[in-house]
Amino acid sequence: MKTAVLYIRVSTDEQAEKGYSLNHQKEVLEKYCEINKIAVKRIFTEDFSAKSFNRPEWKKLIDFLKKNKEESTLILFTRWDRFSRNIGEAYQTIASLKKINIESKAIEQPLNLDVPENKLMLAIYLAIPEIENDRKGLSTKAGIRQARKEGRVTGRAPLGYKNRTDEDGNKYIIKKEPEASIIKWIFDQIERNIFSSENIWQIACEKGLICSRNNFHYLLKNPLYYGKVVVLKNQNEDAYLIQSKHQPIIKEDQFKNVQNILSTRLKRKGLCIFAPDNFILRGFLHCPRCGLKLTSSTRRDGRLPRYFYHCHSACRYRIRAEAINNKFIEEINACCINQGVVRSFIKTMINAHKNQLEPISKKNKKLSLEIHALNKKINRARDLQYQEQINKEEYDSISYPYLKKLEFLEKEVQELNSELISWRSLKAISKSALRSLGNLQSLFYSSNPGGKRKLISSIIGESVIFDGKKFQLNQFNKVYNLIQEINLKLTDRDKCLDINNVKPDNNSFTLDNIFISQLREVADLESTVPEFDRYGEKIKNILISGKIMQMTDLKKTRIRKKRIARKIVLKRWIIETLR
């Protein structure tokens, strides 16, 4: 009596479209075996694509046949498209099964493969499903490409977004919190170009972002986050970017800045958030002689260690770490926020806001007039088309340059409005910044190394030079510099008696995006410094565990070398004694 293994396969799409249900296939195959008196040894059921033979149940079937060669000599399935949809792999599999005396048979499309003419029919039966698959693939690609041309995001939403479907069945993506806010924070930190990408990724994961290291680097290069969709390369045209319909998380300028920073970071790494207390300024200090970044080192003088910042270049600059650290603490202590400073700072902000508002308002008004004039020209051309005085081609040739210029002007208006900040929000940010600067000493002294380095990065920025006596003030944060200028102008008499007569120099800075972003950063110090305290401790633990692992590996290597050396010595001793 013949024995057989039944193979039943379906994919979700086929089950929905053609009704190739698993139960139906099983019923047909069992009935066929009953009529032809074939014993069923085992049934393998699969829900997997037939594009290749890399399928879980098919692998189990082959393993079963190899272990039970004598018991089963036949594989039964309903049609050849259940067996495979890849003609090349199908021929190879049939040949390999034939070598171990196992026959493949489709009961609804029976073929005797010993007859040479039947091989032509086999080729047709195997080629048709592959052609169907290829055609589906081309249609799917064309549909995806068209959707992207329309500015729609296809497939699974990236990190920071989630998929949604409207009433008409059209799919779109919306922001997903808190991931979107974390991604915005990531781009802000990378744009500042201070801390390393590795540390920023670790903190983002600590904040709640579920993202691997590789996906993090892909995320930083994804144009979707500033509102662009990639239209993939085609036979007729190259890949290009198009404006998407979803709401962006960041601006295009910020994305481009981040790409420039990432390309330069291939040569220069960012700073680590954690540093020992003795080297709290490590990474921020630059050499006053050659301008290169100073590193740190420890030197033993008897039993007591001595700490230094030094330069690796030929200039051999070196300075005691304790002296610079104390000088920086003096600089922080010198930041005095009293009633006079507050009033003078707010007055300066009022004047700067007025100076910023006037040119933007004038430019906005000019652009609005130009936009109105262009709209009038476009409407006039449209009226001529309605009156049939010009045809559609003539209308398109007239309106096209106006529409292009209109798009450019509207974009310029948006950029201008984004630069403008309301006085109410500016006043609130200024008060928070003054409060943070007033608590600067207590924040610094109560913080761990992570929080201290965050505070330093907000006050100093990327780098600072110490000339041996003092820090160069122009390399500090613009807000901090302004406060110090106000402090210098306020005499002892002004501080105590005549506060209202102080008139700060408003031309020393402009209320640009850089100043506002630095003002926001100083305003957030009271919340970000404690936050970076935790992150610094986390990164410290990661670094310590990494060093322990390295030390463990070194210890194992040394033990292994000692064992090998002992074996060599023992072998030599045995050879010498035998002689």
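A nonpolar core is a set of buried Ala, Val, Leu, Ile, Met, Phe, Trp, Tyr and Cys residues joined through side-chain atoms within 4.5 Å. Here, buried means under 20% relative accessible area, exposed over 50%, and partly exposed in between, with a 1.4 Å probe and protein chains only. The model is predicted, so to speak of local features pLDDT must be at least 70, and side-chain atom pairs count only at pLDDT 80 or more, while totals for chains, interfaces and linings use all residues. Residues are numbered from 1 along each chain as its sequence is written, and side-chain values use heavy atoms, leaving out hydrogens and water.

**The cores**

The largest nonpolar core holds 85 residues, and I186 and L281 touch the most other members. Helix α7 (residues 179-192) gives this core its largest share, seven residues. Helices (H or I, at least four residues) and strands (E, at least two) are DSSP runs, numbered from the N terminus. Another core lies apart from this one, with 21 residues that include F44, A90, I102 and L122.

Contact means heavy atoms within 4.5 Å. Beyond its neighbours within four places in sequence, I186 is in contact with I200, A204, L209, F216 and L220.

**Two helix pairs**

Two packed helices are described by the angle between their axes and the distance between the axes. Axes are lines fitted to C-alpha atoms, for helices over the stretch in contact, and angles run from 0 to 180 degrees between N-to-C directions.

| Helix pair | Angle | Axis distance |
|---|---|---|
| α8 (residues 197-207) and α9 (residues 213-220) | about 105° | 11 Å apart |
| α17 (residues 478-489) and α19 (residues 513-523) | roughly 85° | within 8 Å |

Angles under 35 degrees count as roughly parallel, over 145 as roughly antiparallel, 65 to 115 as roughly perpendicular and the rest as oblique. Helices α8 and α9 are therefore roughly perpendicular. On the α8 side, S197, E198, I200 and W201 make the contact, and on the α9 side R213, F216 and H217.

In the other pair, K478, V479 and L482 of α17 meet I514, F515, Q518, L519 and V522 of α19.

**Helix α6**

Helix α6 (residues 118-149) has 32 residues and, at 1.5 Å a residue, should span 46 Å; its end C-alpha atoms are 47 Å apart, which agrees. The expected span is 1.5 Å times one less than the number of residues. Buried residues in α6 are N118, L122, L126, P129, N133, R145 and A147. They pack against α4 (80-83), α5 (87-99), β7 (228-231) and β8 (240-243). Just after α6, G151 has a positive phi of about 85°.
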